[in-house]
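Please read these notes beside the structure.

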Amino acid sequence: MGTVPFECRYSVIEEKNPREIVLLRGRGCQWRRCRFCDYHLDFCKDPEENFRLNSRVLKQVSGLYGRLEVINSGSFCDLDEKTMQAILDLCREKEMTTLYFESHWMHREEIPSLKSRFQQEGITVKTKIGVETFDERFRESYLDKGMNGASPEEISHFFDQVCLLQGIPGQTADSMRKDIDTGLSLFERVCVNIMTKNTKPIEPDPEVIAQFRSQVEPIYRENPRVDILLSNTDFGVGV
Ligand code: SF4
């Protein structure tokens, strides 16, 4: 994946926790090491260029559900200040109640000030982290997530929602269910992303995906707190 086209940067999610979603562009993920991810290639070092693009994307937001999810192939703090201010102005103008941002673990200490900045305007910020799995050895030695020593409880202290990556070699129906159950016990919502092939070394495992479809998905399909993305574009943004 490289730079995402403009028309793939806005969508409306109608099922489960209805909300609008925008894929904005920042200066790029500061970690960039996850062995399954090439999203971070959607970046630009010029904050003015990013602001120009992000302003156009944000213009499409109508506020119809009062909730907006902002993703940017990295962390909220990779967005330029003018874009952050434009998000705040938009939320005020459209009377948004809830805003969702994503972040890597390394920026967790910046979350309280983000939340309080928006809370002053009556907007609740919820944060989402790609944990991928709570099996620490698998997560750190195989996926290289950069979250050494972070326990599920500690993660839940900073973040409201988790993303899990499933359908990759080494996982089983049991391990996938265990991860989702841990997520549901500690976080408000869980988003399961099924691995999609990209330019990075970790590939989807068809056997594991088949196990997910037959033994995991049926349990959580109707759960309003679980989003399941069988393809990375199921939210309607990205490529
Ligand atoms: S998964 Fe997230 S933290 Fe990891 S490299 Fe990709 S954008 Fe960065």
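1. Start with helix 1 (residues 47-58) and helix 2 (residues 81-93) of this predicted model: their axes come within 9 Å and cross at roughly 15 degrees. Axes are lines fitted to C-alpha atoms, for helices over the stretch in contact, and angles run from 0 to 180 degrees between N-to-C directions. Helix 1 and helix 2 are therefore roughly parallel (the term covers angles under 35 degrees). Their crossing is right-handed, meaning that the near helix is turned clockwise from the far one by less than a right angle.

2. Which residues make this contact? N50, F51, N54, S55 and L58 in helix 1 meet K82, T83, A86, I87 and L90 in helix 2. Contact requires C-beta atoms, placed from the backbone, within 7 Å. By class, the contact has 5 nonpolar, 4 polar and 1 charged residues. Ala, Val, Leu, Ile, Met, Phe, Trp, Tyr, Cys and Pro count as nonpolar, Asp, Glu, Lys and Arg as charged, and the others, Gly among them, as polar.

3. Now the ligand. Around it stand C29, W31, R32, C34, C37, Y39, H40, S73, G74, H104 and G130 (C-beta atom, placed from the backbone, within 6 Å). This shell has 5 nonpolar, 5 polar and 1 charged residues.

4. Helix 6 (residues 173-186) packs on helix 7 (residues 206-220) at an angle of about 25 degrees, with the axes 9 Å apart. That angle makes helix 6 and helix 7 roughly parallel. The crossing of helix 6 and helix 7 is right-handed. A173, M176, R177 and I180 in helix 6 meet Q211, F212, Q215, V216, I219 and Y220 in helix 7. These residues divide into 7 nonpolar, 2 polar and 1 charged.

5. Overall, the protein has 7 helices and 8 strands. Helices (H or I, at least four residues) and strands (E, at least two) are DSSP runs, numbered from the N terminus. The C-alpha atoms fill a box of roughly 45 × 35 × 30 Å, taken along the principal axes.

6. On conventions, residues are numbered from 1 along each chain as its sequence is written. In this predicted model, local features need pLDDT of at least 70 and side-chain atom pairs count only at pLDDT 80 or more, while totals for chains, interfaces and linings use all residues.

Definitions and conventions. Parallel < 35°, antiparallel > 145°, perpendicular 65-115°, else oblique. Contact = placed C-beta atoms within 7 Å.
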